[in-house]
Amino acid sequence: MPLVPAIKKAIGKKNMFYVFLTIAIGGMAFLYLVAKMDHPSMTLVYIAQFVKSTGVIVATGYMWALVPEVISYGEYTSGKRIAGIVNALTGIFYKAGMALGGVVPGAVLAYVAYNKDAIEQTPLAEEGILWLVCVIPALLLLLAMFIISKYELTDEKIDEINREIEERTKSN
């Protein structure tokens, strides 16, 4: 975490997201492959989980830093400070994501006939668990990469926007 500002400065905002989301996806792929081994090593599981978590934590943590940029852009384009609207929408989508996070696992486990009382699961149920832990999150991270590819606010543009807003404030 202490290196994040230096990494962002060296490779840029978008590339930082791409790098860390790719690291997370790589960790998920590694975890999937480890789980498919005949006798998976817990050490390998921990390593895969660490790689996955490192990518997810850095990328999703930094996504919250984009909120003030969106607020500034909104003020720049509309002349109104829309912090309340942006934060409300962020909260709504966060809660919607949490709701989906509660529904999707149950639906997938029901589909693959997971049996909570069984000591050993069927191969389909085991695959369903892997999809929940590795495949579906990796697909969602690919979607996040696509969405961030549409984000056009560079650090230079944000600095320009903030200067313009400051000038407007001084002249009023």
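Me: Are H4 and H7 parallel or oblique to each other?
Reply: Happy to walk through it; this is a predicted model, where local features need pLDDT of at least 70, side-chain atom pairs count only at pLDDT 80 or more, and totals for chains, interfaces and linings use all residues. Residues are numbered from 1 along each chain as its sequence is written, and side-chain values use heavy atoms, without hydrogens and water. Helix H4 (residues 66-78) packs on helix H7 (residues 155-171) at about 50°, with the axes 10 Å apart. Angles under 35 degrees count as roughly parallel, over 145 as roughly antiparallel, 65 to 115 as roughly perpendicular and the rest as oblique, so H4 and H7 are oblique.

Me: Where does Ser72 lie, and is Ser72 buried or exposed?
Reply: Ser72 lies in helix H4. Buried means under 20% relative accessible area, exposed over 50% and partly exposed in between, with a 1.4 Å probe and protein chains only. Ser72 has 8% relative accessibility and therefore counts as buried.

Me: Which residues is Ser72 in contact with, leaving aside neighbours within four places in sequence?
Reply: Contact means heavy atoms within 4.5 Å. With those neighbours set aside, the partners of Ser72 are Arg81, Ile161, Asn162 and Ile165.

Me: Is the pair of Phe17 and Tyr62 stacked or tilted?
Reply: Rings of Phe, Tyr and Trp (its six-membered ring) pair if their centres lie within 6.5 Å; planes under 30 degrees apart count as stacked, over 60 as edge-to-face and the rest as tilted. Phe17 is in helix H2 and Tyr62 in helix H3, 45 residues apart. Their ring centres are 5.7 Å apart and their planes at 55°, so the pair is tilted.

Definitions and conventions
Axes fitted to C-alpha atoms, helices over the stretch in contact; angles between N-to-C directions. Helix = DSSP H or I, 4+ residues; strand = E, 2+ residues; numbered from the N terminus.
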